[in-house]
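Subject: Structure handover

Hello,

Here is the structure you were expecting. My notes on what was found in it follow below.

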Amino acid sequence: MARYDEIADFYEQRSGKTVGDPATAALLDLAGDVGGLRLLEVACGQGRVARELARRGAALTGLDISAALLAKARACEAAEPLGIGYLNADVTAKGVLEDQVFDGVVCNYGLSDIDDLDGLLANVARLLRPGGWFVFSLLHPCFPGWDSDAPSSWPPDQGYYQEGWWLAGNSGYRGRVGSSHRMISTYLNSLTGHGLALDRAAEPPPGPQMEQRRPPGSVPVPFYFAARCLRR
Ligand SMILES: C[S@@+](CC[C@H](N)C(=O)[O-])C[C@H]1O[C@@H](n2cnc3c(N)ncnc32)[C@H](O)[C@@H]1O
C-alpha cells in the first residue's frame, strides 16, 4: 500500500481541486503555453494539475503510486472527460512507461514525497525528448518552519544539513506520510547530473492565507521553490 492511500480523503480535502495556490501557479507559469504538447504529470495525486494542463490544450498522462488518489483522479475524468490517461506505478521503477516520449514532465509538490530522487530523475530524463522540459514545485527545502501545522522542511532536532526521510510530529499530512528532506544543492546537482539543465527558477511567497501563519514580528523566509529544467 502506498503512503497516500491511507490519507487520500484527507489529502484531497487539504489540497483541494483547484490550482491557485502560489506553488502550483508558479509551476503552471513555468510550464508556459502547453497547447498541443504531450505531457506527463508524475506524482499526480488526485489529478488537479493534470486536469488544468489538459484544459489548456495538452495531451496528458498522469502517474501516481497511490491507487486511492488515482481513483479520485479517474472519477474526475469520468465526470468531466479531458482525455487524460492515468497509470498506477512507481515513477522510480526501471522501464516505467517504456518507449514513450514526452515534450514536458511536471511534478507538483511531489519531489519530497519520492524516496529515490536519482531513480526519478533518470526516468524523467529518459522520458523527455531532447530540449523537452521538466517543471516542478515543492515546499522550499530552506523553509525553517513556523508552527506545528507549518513544520520546517527538515527534522527540527537535526537541522537543514541532515538529509533523509522523516515524520513531522503534527496532524497535518507531513505528520502522516512524512517527507524526504534534501538540501537545495542536492536537488540542483542531481538535476544537472541527469542532464536536466536549470532554465528558470521561482521562489513564490506563501500567499495571503499562509502568510497569516507567519509568527508576529518575524521576517519573511523562503517558502516555495519551483523550477524549469531543459533536457540536454
Ligand atoms: C503531496 S502529493 C502531490 C499530489 C499532486 N501532485 C498535487 O499537486 O496535489 C505527493 C504525491 O506523490 C506520490 N508519490 C510518492 N512517491 C511516488 C512514487 N515513487 N511514484 C509515483 N508517485 C509517488 C504520492 O502518492 C502523492 O500522490
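**Helix H4**

Helix H4 covers residues 67–79, and at 1.5 Å a residue its 13 residues should span 18 Å; the end C-alpha atoms are 18 Å apart, so the two figures agree. Please keep in mind that this is a predicted model.

The buried residues of H4 are Ala68, Leu69, Leu70, Ala73 and Glu77. Their cover includes helix H1 (8–15), strand E2 (59–64) and strand E3 (85–88).

Ala67 also belongs to H4. Ala67 is partly exposed, because 14 other C-beta atoms lie within 10 Å, and a residue needs 20 or more to count as buried. Leaving out residues up to four places away in sequence, Ala67 touches Ala2, Asp5 and Asn88. Between Ala67 and Arg51 there are 18 Å in space, C-alpha to C-alpha, and the two are 16 residues apart in sequence.

**Helix H3 and strand E2**

Of the 8 residues of H3, 7 are buried, so this helix is largely enclosed by the rest of the structure. The buried ones are Arg48, Val49, Ala50, Arg51, Glu52, Leu53 and Ala54. Among the elements that cover them are helix H2 (22–31), E1, E2, H4 and E4. After H3 comes Gly57, with a positive phi near 105°.

Thr61 sits in strand E2. Thr61 is buried, with 20 other C-beta atoms within 10 Å. Its contacts, apart from neighbours within four places in sequence, are Leu40, Gly85 and Leu87. Thr61 and Arg38 are 8.2 Å apart in space, C-alpha to C-alpha, with a separation of 23 residues in sequence.

Helix H5 runs over residues 117–127, and Leu120, Leu121, Asn123, Val124 and Leu127 are buried in it. Viewed down the axis of H5, these buried residues fall within an arc of 160°, so they line one face of the helix. The elements covering them include strand E1 (38–42), strand E4 (102–108), strand E5 (128–139), helix H7 (184–193) and strand E8 (196–202).

In soluble globular proteins, nonpolar side chains tend to be buried together. The largest nonpolar core here has 56 residues, and those with the most contacts inside it are Leu27, Val105, Val106, Phe134, Phe136 and Ala226. E5 gives the most to this core, with 7 residues.

What does Val105 touch, not counting residues up to four places away in sequence? Val105 touches Leu40, Val42, Val124, Leu127, Leu128 and Phe134. Two of these, Val124 and Leu127, are among the buried residues of H5.

**Two loop residues with positive phi**

Most residues other than glycine have a negative phi. Ala43 is not a glycine, yet its phi is positive, about 55°. Ala43 lies in the loop between E1 and helix H3 (48–55). Is Ala43 buried or exposed? Ala43 is buried, since 24 other C-beta atoms lie within 10 Å.

Tyr109 also has a positive phi, of about 60°, although it is not a glycine. Tyr109 is placed in the loop between E4 and H5. It is buried, with 20 other C-beta atoms within 10 Å.

**Around the ligand**

Which of the 20 residues around the ligand come nearest? They are Ala43, Gly45, Ile65, Ser66 and Asn108. By type, the shell around the ligand divides into 10 nonpolar, 6 polar and 4 charged residues.

**An exposed residue**

Ser148 is in the loop between E5 and strand E6 (164–166). Ser148 counts as exposed because it has 12 C-beta neighbours inside 10 Å. Ser148 and Gly172 are 24 residues apart in sequence, and their C-alpha atoms are 8.5 Å apart in space.

Regards

How values were computed: Residues are numbered from 1 along each chain as its sequence is written. This is a predicted model: local features need pLDDT of at least 70, side-chain atom pairs count only at pLDDT 80 or more; totals for chains, interfaces and linings use all residues. Helices (H or I, at least four residues) and strands (E, at least two) are DSSP runs, numbered from the N terminus. The arc is that of the directions from the helix axis to the C-beta atoms. Two residues are in contact if their C-beta atoms, placed from the backbone, lie within 7 Å. A residue is near a molecule or strand if its C-beta atom, placed from the backbone, lies within 6 Å of it. Ala, Val, Leu, Ile, Met, Phe, Trp, Tyr, Cys and Pro count as nonpolar, Asp, Glu, Lys and Arg as charged, and the others, Gly among them, as polar. A nonpolar core is a set of buried Ala, Val, Leu, Ile, Met, Phe, Trp, Tyr and Cys residues joined through C-beta atoms within 7 Å. The expected span of a helix is 1.5 Å times one less than its number of residues.
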